Amino acid sequence: MTATPAPVAPLLVFGWGNLSRGDDALGPLCIERLRALAAPAAAVDYLDDYQLQIEHALDLVGRQRVLFVDASLSCRAPFELTQLHAAPDISFTTHALSPQALMQVFCDLRGEAPPSCTLLAIRGERFELGTPPSHAALAHLAAALAWATDWLDADQ
């Protein structure tokens, strides 16, 4: 008897960062709070990790839309949005890569275009090991959560 794989949700929200490095925690914190707000029957999967890795290309399979969430020192406050396109990454390694490089891995593996992907970059200021998220970053997170909630509601 072969188990039937569970269907994947059409939406994926994927945040990454290190909870022990100050504002780098914004990606996982966003995922944690969106999960808490989610309706039980919502067709959304939530995923968080320390960094993007090539194995995460498989998490894009079967999705219609993907929202990547990360902290950023270079974006405008409170957050910036970028529509992403698959592209090779010069910093590509097997340990960390950009969302665009992850999408390129998906293309290379599957021979098809990836789902529509958007990057939600949340402005951070302090990334020191052992520090909590800054007050400013938490305010930026609140604004980003409001936007992300609307993004999730767009299909429903």
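Pro133 counts as partly exposed at 23% relative accessibility, where buried denotes under 20% relative accessible area, exposed over 50%, and partly exposed the range in between, with a 1.4 Å probe and protein chains only. The model is predicted, so that local features need pLDDT of at least 70 and side-chain atom pairs count only at pLDDT 80 or more, whereas totals for chains, interfaces and linings use all residues. Residues are numbered from 1 along each chain as its sequence is written, and side-chain values use heavy atoms, with hydrogens and water left out. Pro133 lies in the loop between S5 and H3, the helices (H or I, at least four residues) and strands (E, at least two) being DSSP runs numbered from the N terminus. When residues up to four places away in sequence are not counted, Pro133 touches Gly22, Asp23, Ala25, Leu29 and Leu138, contact being defined as heavy atoms within 4.5 Å. The C-alpha atoms of Pro133 and Asp150, which are 17 residues apart along the chain, are separated by 24 Å.

Asp150 belongs to the exposed side of helix H3, as does His135. Helix H3 comprises 19 residues (residues 135-153) and reaches 27 Å from its first C-alpha to its last, close to the 27 Å expected at 1.5 Å a residue; the expected span is 1.5 Å times one less than the number of residues. The buried residues of H3 are Ala137, His140, Leu141, Ala144, Leu145, Ala148, Trp151 and Leu152. Seen down the axis of H3, these buried residues fall within an arc of 155°, so they line one face of the helix, the arc being that of the directions from the helix axis to the C-beta atoms. An α-helix has 3.6 residues a turn, so residues three or four places apart point the same way. The buried residues of H3 pack against S1, helix H1 (26-37), strand S2 (44-49), S3, S4 and S5.

The strands form an open sheet of five, in the order S2-S1-S3-S5-S4 and with mixed pairing, two strands being taken to pair if DSSP finds at least two bridges between them. S2 and S4 stand at the edges, each with a single partner strand, so one side of each is left without a neighbour in the sheet. The twist averages 20° from one strand to the next, with axes taken as lines fitted to C-alpha atoms (for helices over the stretch in contact) and angles running from 0 to 180 degrees between N-to-C directions.

Within this sheet, S1 pairs with S2 in the parallel sense over six bridges, with Val13 opposite Tyr46 and Asp49 as the bridge partner of Trp16. S1 also pairs with S3 in the parallel sense, over five bridges, and here the partner of Val13 is Leu67. Six of the six residues of S1 are buried, and both faces of the strand are covered, with Leu11, Val13 and Gly15 on one side and Leu12, Phe14 and Trp16 on the other.

Further along the sheet, S3 and S5 pair in the parallel sense over eight bridges, whereas S4 and S5 pair in the antiparallel sense over six bridges. Thr118 in S5 stands opposite Leu67 and also opposite Gln83. Six of the eight residues of S5 are buried, so this strand is largely enclosed by the rest of the structure.

Helix H2 (residues 99-110) has 12 residues that should span 16 Å at 1.5 Å a residue, and its end C-alpha atoms are 16 Å apart, which agrees. H2 lies across S1, S3, S4 and S5, running at about 25° to S4. Its buried residues are Pro99, Ala101, Leu102, Met103, Val105, Phe106 and Cys107, and what covers them includes strand S1 (11-16), strand S3 (65-72), strand S4 (79-84) and strand S5 (116-123). H2 is followed by Gly111, whose phi is positive, near 70°.

A search of the whole structure finds zero disulfides, a disulfide being a pair of cysteine sulfur atoms within 2.5 Å. Cys75 is in no disulfide, the nearest cysteine sulfur, that of Cys30, being 13 Å away; Cys75 is buried, with a relative accessible area of 5%. Cys107 is likewise in no disulfide, and the nearest cysteine sulfur, that of Cys117, is 9.3 Å away.
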